[in-house]
Amino acid sequence: MSRTEHAPGTRAEAYAIAFEESLEHPDTFWLAAADAIAWDSAPTLALDRSNAPMYRWFPDATLNTCFNALDRHVRDGHGDEPALIYDSAMVPTKRTYTYSELLAEVARFAGVLAGQGVAAGDRVVIYMPMIPEAAIAMLACARIGAVHSVVFGGFAAKELATRIDDAQPVVLVTASGGLEPGRTVEYLPIVDQAVEMSEYPPHTVIVKKRPSIHGSATDYRDRGALWSDWDDLAADAADADPVPVAATDPLYILYTSGTTGKPKGVVRDNGGHAVALAWSMRNLYDIGPGDVMWSASDVGWVVGHSYIVYAPLLVGATTVMYEGKPVGTPDAGAFWRVIEEHNVSALFTAPTAIRAIRKADPDAVELAKYDVSSMATLFTAGERLDPDTYSWATEKLGVPVVDHWWQTETGWAICANLRGLDPMPIKAGSSTVPTPGYRVGIVDSEGVPVPSGTEGNIVIALPLPPGTLAGLWRDEERFVKSYLSAFDGYYLTGDTGFIDDDGYVFVLGRSDDVINVAGHRLSTGSMEAVVASHPAVAECAVIGIHDDLKGQRPSGYVVLKAGVEIEEDILRTELVAMVREQIGAVATFRDVTVVPALPKTRSGKILRKTMRQIADNVEYAVPSTIEDASVLDALEKLLRG
Ligand code: COA
Ligand code: AMP
């Protein structure tokens, strides 16, 4: 479809109206958006401000998110429409679930969970690969008012155990394994170990056995009463009906990396989430019933929660769930095949995936083999879309390539080019303009707004729109400390950037120790904790440095204990293995450099930013607070030669 684009610098009218309305009259704006949802008890009030800064959306309403995602469409006669297309490049296999079929599977698995004693408000941890049962388990939780917490399959047992202990689930749902190129990831030994480590283990572990994954480690039947088989339980269970819950009740907890090793349990509510996601589908992604959306992410990340599972189903569209990589499964044409075969109109992926395709197929020879004319837009997020990758994708695909910026915490885009409301001219390097509901600003370290074009901390004025985090799981203090206390009245995004004269937002990077590796959010703090536990290490720093393919990669710098003699190669091998074992393969921790000392401020703070600038070979200023400038010189000599 083609829409008129506006000249740079002129605010698109429909966008400006919606944006202003959302900020000036948020109650009217979001109550109107709430009409898209089938409520058990409709909201009469949009925002409860009585407990500010703990705002609550739709405080007097009740609904069931699963009913909205499935039952409603079947009730309205769309049961035969495709809801979820599963496409695995790994097995390989394909299966389409209609709305009726998906509903039947979800209702049955909800019955299974209820049979295991899961009630409204109870937690269920889901540790699964990209198979339909992951989405089925999520929706089944939503159906009975249980709170799911999906843990990405690339995390190791210890990370899983940390999340289990925080969420304290009644049940853990898993599968016999995942498939990565060239290797099978056996899940059951990982789950076994995690359960063993946890203080609050689940009562039951339900295992979906994948026919493609055999091997002794999958023989969980011998592992005792804790373990149950998904199919056996489903065969004996009754279907469960949707349970109305308060709009403010939690739908899920999603753990994400913070600056410390302890992950943050981002809590999403039911009502605000449903309203915001439904609004975003038409206005941002331009997707509705009959359209196919493919988010090439993983259900373990927020993109997977919002745009593989919930949003497409809430609006009666079709979602694609893809198990595979952009390259090597089997080649750099994998994405284009999926688009052609399933008639995808919106593809949403991370820039790193496009860079991987470009690296393998710079002339887009693979692309030419497929008919991708169904694709109206390519959306990217997870990291900044670098102008080079933007230009390549735009030229090769011939469709708008739209960068949009968001976080696990917000659940949907803070800034975007609203393709369904008022497409605006794209500026390379910018995620365009603030989405309705988000009053975005840039402030200096004192909280004073900076002029346009000046870099600073990106903040969002409170209250945040619906769909954003309701808090951190059972840790209000950390929520306030992490996000709300830096600048009064603002949510601190942790990102830095600037806004130009046209109001376009440019997100440049993080101001904390969170890094993004191949679109995966990781904490350098948790890697440092692992590295520091090696007996030869006196102190260490892990920083995110530039990586041409993955955007960033972790890089470790260690100071040895006095008198310790260990070859650098051996130390590296041991540290890499420790991080992989304790955090997971997804950490992609491979670089280790032994240094004589770490550069620090006089108060003992490691100068990570300066270290990053040296490693990335960019200009840097020696901080005035430095304790010993010769340490920086030594580091520069070592890294830059
Ligand atoms: N379960 C188990 N292991 C996993 C995993 C999972 N779900 N996902 C990744 N891993 C492992 C990989 O097998 C790899 O292990 P290895 O060190 O043994 O090779 C390691 O974690 C790193 O994985 P990844 O970062 O994905 O690197 P890669 O080299 O396998 O692939 C890309 C590179 C760019 C193709 C890939 O990162 C990609 O497709 N990125 C897109 C990211 C994305 O969708 N992000 C979501 C935000 S929108
Ligand atoms: P996550 O919580 O995994 O979604 O990661 C959120 C972080 O990823 C943000 O705080 C940013 O640092 C980064 N990020 C996500 N999308 C973008 C984008 N479009 N541009 C720049 N950075 C992004």
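Is S198 buried or exposed? S198 is buried, with a relative accessible area of 9% (buried means under 20% relative accessible area and exposed over 50%, with a 1.4 Å probe and protein chains only).

## Basis of the model

This is a predicted model, in which local features need pLDDT of at least 70 and side-chain atom pairs count only at pLDDT 80 or more, while totals for chains, interfaces and linings use all residues. Residues are numbered from 1 along each chain as its sequence is written, and side-chain values use heavy atoms, with hydrogens and water left out.

## Surroundings of S198

S198 lies in the loop between α7 (187–197) and β12 (204–208); helices (H or I, at least four residues) and strands (E, at least two) are DSSP runs, numbered from the N terminus. The S198 side chain reaches two backbone oxygens, that of A194 at 2.8 Å and that of V195 at 3.0 Å. Apart from neighbours within four places in sequence, S198 is in contact (heavy atoms within 4.5 Å) with A161, I164 and D165.

## Helix α17

In helix α17 (residues 608–615), the buried residues are R608, T610, M611 and I614. They cover an arc of only 160 degrees around the axis, and therefore lie on the same side of α17; the arc is that of the directions from the helix axis to the C-beta atoms.

These buried residues pack against α15 (524–532), β31 (537–547), β32 (551–560) and α18 (629–640). After α17 comes N617, whose phi is positive, near 60 degrees.

How values were computed:
Chains are lettered from A and ligands numbered from 1 in the order in which they are written. A polar contact is a pair of N or O atoms within 3.5 Å; within protein, one must be able to donate a hydrogen and the other to accept it, and residues adjacent in sequence count only if both atoms are side-chain atoms.
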